[in-house]
Amino acid sequence: MTYLDIETLIADRSTKIIVCCGSGGVGKTTLAAALGVRAAEQGRRVVTLTIDPARRLAQSLGLHELDNVPRQVAGMKLKKRADGVKNEGELHAMMLDMKRTFDEIVEAHASPAKAAQILANPFYQSLSSSFAGTQEYMAMEKLGQLRASGQWDLIVVDTPPARSALDFLDAPARLARFLDGRFIRMLLVPAKVGSRSYTKVMQAGLGLVTGTMMKLLGTQLLTDVQTFVAAMDSMFGGLRQRADATAKLLRAPGTVFVVVASPEPDALREASYFVARLVEEDMPLAGVVVNRVHRSTVPEITAVNALSAAEALDGEDGELAGDGGADGNADGNADGNADGALTAGVLRVHAQLLTMHATEQRRVDGFALAHPNVLLASARALAQDVHDLNGLRTLGDALCEAH
């Protein structure tokens, strides 16, 4: 098994974008935040973009809320550089607002009058808020904006906690197919024809199709769609170019993907799916992080020895209890019994932890065997949930500690 060196990955100035993906419940959002914190404290200017609408990232970073604008995280303790130069590291965080991002594209690439017409269109309002695939494309659009701004030397992207998290890989191509599709071209015909006679010919040819669409969509919805498409026509070329540029950005040098999993069977199966999909798409996969791995700080005490010692203590407690009744030293024996019971309990927990670790290790070894060319890193399970910067630092330490 070859380990993924997280410390080197985030310290490498050629690493510009880290995309974290994985199934739900594996701590992906928190891990992405921990990567951002650690990179900033190493002197990098970092922005963490979450596509997951959950509020965990804002809470762990000490922010009341996140929106579509990067917000600086205060309270960062930046390490001093070896050459004595002031550390310029910063951490900002934001949460994708897909409608606002779409609005920004319209406002940037249309005249004020045309933009107002598009933004007021009912079909556009539905498309920009809930249309399938819009979130994924807008996520890539926002990533492209952040990269083009030149303000950040590292962008950490936290994707949605589902298999659909990888839909953004197809988003640029889907948008191009949509813009070049027969349905869009047909809707644009009425806006592009010049003469009345040609319009009549086209209307005769499209009458049957239009009538069918009206029955399916309704007259008002079809009118809204046609108006939207006509208003967006001048922007289609720009959107297509941006989609192509985003697709190239995902494969560009400096972009890496990190799959996050936990040592549970379902999570590792999902990780296998993510790995296979990224390899199939020829995406730059850095490796897999197995989060929340259980480890013992004293592995030299085996589970068998721990259970044997616990049983021996239980036997001593029984003898002490019997002696206490005979010689009257009840208080002293009670203290001894309590100490012995506590120690026996700790030993049993230790044995249980080692057994759990052995089970998890077998699962991870099986994953490594199935994916021999994939680098692996792991982070030990923390004693409590991460809810602040100190917790994120602890998780960062766990990610980068020696295995």
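Visitor: Which residues touch the most other members of the largest nonpolar core?

Guide: In soluble globular proteins, nonpolar side chains tend to be buried together. A nonpolar core here is a set of buried Ala, Val, Leu, Ile, Met, Phe, Trp, Tyr and Cys residues joined through side-chain atoms within 4.5 Å. Buried means under 20% relative accessible area, exposed over 50%, and partly exposed in between, with a 1.4 Å probe and protein chains only. In this predicted model, the largest nonpolar core has 52 residues, and Leu143, Ile155, Val259 and Val288 touch the most other members. Helix α11 (residues 219–251) gives the largest share of this core, seven residues. Helices (H or I, at least four residues) and strands (E, at least two) are DSSP runs, numbered from the N terminus. A second, separate core has 40 residues, among them Val26 and Leu389.

Visitor: What does Val288 touch, not counting residues up to four places away in sequence?

Guide: Contact means heavy atoms within 4.5 Å. On that basis Val288 touches Leu4, Val259, Val275, Phe367, Val374, Leu375, Leu376 and Ala377.

Visitor: How should I trust and number such details?

Guide: Local features need pLDDT of at least 70 and side-chain atom pairs count only at pLDDT 80 or more, while totals for chains, interfaces and linings use all residues. Residues are numbered from 1 along each chain as its sequence is written, and side-chain values use heavy atoms, with hydrogens and water left out.

Visitor: Is Ser128 buried or exposed?

Guide: Ser128 counts as buried because its relative accessible area is 0%. Ser128 belongs to helix α6 (residues 122–130). Apart from neighbours within four places in sequence, Ser128 contacts Met98, Lys99, Phe102 and Thr134. Met98 is 30 residues from Ser128 in sequence, with 6.9 Å between their C-alpha atoms.

Visitor: Are His350 and Arg277 buried or exposed?

Guide: His350, in helix α14 (residues 330–370), is buried because its relative accessible area is 10%.

Visitor: Which strands pair with β4?

Guide: Two strands pair if DSSP finds at least two bridges between them. Strand β2 (residues 45–50) runs parallel to β4, joined by six bridges; Arg45 has Glu90 as its bridge partner. Strand β3 (residues 71–72) pairs with β4 in the antiparallel sense over two bridges, and Gln72 has His92 as its partner. Five of the six residues of β4 (residues 90–95) are buried.
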